[in-house]
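Please report on the pocket, the charge pairing and the surface of this protein. Keep it brief.

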Amino acid sequence: MATDTDGEIDLDYELDDRPPWPKSLLLGLQHVAVMLVPATAVAFIVAGAVGLSAGDTAYIVQMVLLFSGLATVVQAYTVGPVGAKLPIVMGTSFTFVGAASSIGASYGLGAVFGAILVTGFVVEGIIGWQFDRIEPFFPPLVTGLVVIIIGLYLVPVAMDYSAGGVGASDYGAAHNVGLAALVLFVSVALNLFTDGVTRLLSTLVGLTVGYVAALALGLVDFSPVASASWVAVPNPGAFGFEFEPVPIVTFAFLFLVSAMETVGDMSSVTAAEGRTPDSEELRGGLFTDGLLSSLGAAFGAFPVTSFSQNAGIVNFTGVMSRHVVGVAGAILAVLGLSPKVGAAVATIPSPVFGGAVLLMSGMVAASGARLVFLHTDLDRRNMVILAVSLGLGLGVATRPDAIQGLPSAAQTFFGEPVVVTALTALVFNTLTPGEQSPLFDAPPEESVAETEEPPASADD
């Protein structure tokens, strides 16, 4: 990808600068605080859908933190060709929530982790190797639609958590809805009406307020924390491995989508220097996505990818130092080695967690809409692609029984809203003439005008 130098911002610390250790520690903790909740949210959502115990949920949270930290350190410093040498904070991706939940419930978590183990590095390795050829197929129209459907798909999940959790005896009770509303109100108020660190940590503060309120109501169970050990070595194959064709195909496609998200986040980070990522940075960043996702799956962690909110912090604060992000990764890895940390995070009551997920899911959808609107002309062609892609994606999300007549393998694949939306947008955008199609460099009328031979002049 070409590199340019337009639009750079004033940086307090540039890419290879090393702030003093006290400042590096505080700046690293800020990165951890901003991504801690959404990084562990995927583990909670999938664990709830599959019906895991509190102990197993805490273990997955622990592995998520550990491999998010390791991947962040690798991005900052590299290991051979793996890593971008950029301040990229890594964490579990919402892209995989739907597939991990439904496949985990239908096939078991062994099939989920088996599919991730196979497809992680294979798919993203190929993408990194051949990125220049693949990139044109994923313009902002396609990637934006994927981000929109990820957010919209999570809204019903967030509402279930806000009501107390599916199957809870007090589902929909006033105290559950009230706690979720409290978290949402505090987070939104701080985000809209304050500045600086308070705004950046608004979601964390909202969760803290909701957690304290839940403590006062006696809704927090600390027994899993008391029984958890302080330090534990990760357990390879904790949930076993199964290699089923449909889950493998599903996750392979989702890794393709996730790779495009990572490219967008890397571009957001390098924009602070007024440039786009070079080929070596892109290749190393994508290799990290795939390799660490596969490695994490061997121990029970969900796929890791770049976190958009942390890319935003780089531009907001003017601190681009990869060493600060390396400190954040080290903190995450240390937290991931302690089961007590995972168990403590797992004590967050469902409605408190639901209030935060509701906000995050809405923000994910809004960021996808922004990506589409900023980089796409909403002409008839693109409006049709938007309509069909979102219509089919939301259709299978809200009425999954509509495809119950299909073979079970097809139900699993086409029952994933992210897969249906992404596949529809990819096919229609590729085959329909327009500026964002990789097969058509310009709208048909422009192409015709450019290819027509000019009329011969009288001098010829």
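## Second largest pocket

The second largest pocket has a volume of about 870 Å³. It is lined by 36 residues, and those closest to its centre are Phe-44, Gly-48, Tyr-161, Gly-165 and Ser-350. The model is a predicted one. Rolling a probe the size of a water molecule over the atoms shows where empty space is left.

Several helices build the lining. At least two residues each come from α1 (21-50), α2 (54-77), α3 (97-107), α6 (140-162), α7 (174-193) and α16 (350-375). By class, 21 lining residues of this pocket are nonpolar, 12 are polar and 3 are charged.

One of the contributing helices is α3. Within α3, the residues Val-97, Gly-98, Ala-99, Ala-100, Ser-101, Ile-103 and Gly-104 are buried. Just after α3 comes Gly-108, with a positive phi of about 100°.

## The salt bridge

How many salt bridges does a search of the whole structure find? The search gives 1. Asp-16 pairs with Arg-322, and their closest N and O atoms are 2.7 Å apart. Side chains of opposite charge can pair when their charged atoms come close.

Is Arg-322 buried or exposed? Arg-322 is buried, because its relative accessible area is 12%, and buried means under 20%.

## Surface

A nonpolar patch lies on the surface, formed by Leu-117, Val-118, Phe-241 and Phe-243. Together these four residues have about 320 Å² of accessible area. Val-118 is part of helix α4 (residues 109-129). Val-118 is partly exposed, because its relative accessible area of 33% falls between the cut-offs of 20% and 50%.

Gln-404 is in the loop between α17 (380-398) and α18 (408-414). Its relative accessible area is 55%, so Gln-404 counts as exposed, the cut-off being over 50%. From Gln-404 to Ala-174 the C-alpha distance is 36 Å, and the two are 230 residues apart in sequence.

| Residue | Relative accessible area | Class |
|---|---|---|
| Arg-322 | 12% | buried |
| Val-118 | 33% | partly exposed |
| Gln-404 | 55% | exposed |

Note on methods:
Residues are numbered from 1 along each chain as its sequence is written. This is a predicted model: local features need pLDDT of at least 70, side-chain atom pairs count only at pLDDT 80 or more; totals for chains, interfaces and linings use all residues. Side-chain values use heavy atoms; hydrogens and water are left out. Patches are made of residues with over 30% relative accessible area and no salt bridge: like charges are joined within 9 Å, nonpolar side chains (Val, Leu, Ile, Met, Phe, Trp, Tyr) within 5 Å. Accessible areas come from the Shrake-Rupley method with a 1.4 Å probe; for residues, only the protein chains shown count as cover. A salt bridge is a side-chain nitrogen of Lys or Arg within 4 Å of a carboxyl oxygen of Asp or Glu. Helices (H or I, at least four residues) and strands (E, at least two) are DSSP runs, numbered from the N terminus. Buried means under 20% relative accessible area, exposed over 50%, partly exposed in between (1.4 Å probe, protein chains only). On a 1 Å grid over the protein atoms alone, a cavity is a set of points where a 1.4 Å probe fits but cannot get out, and a pocket is an open set with protein on both sides within 12 Å along at least five of seven lines; lining residues have an atom within 4 Å of a point. Grid points are joined across faces, edges and corners, and a volume is the space filled by probe spheres set on the points. Ala, Val, Leu, Ile, Met, Phe, Trp, Tyr, Cys and Pro count as nonpolar, Asp, Glu, Lys and Arg as charged, and the others, Gly among them, as polar.
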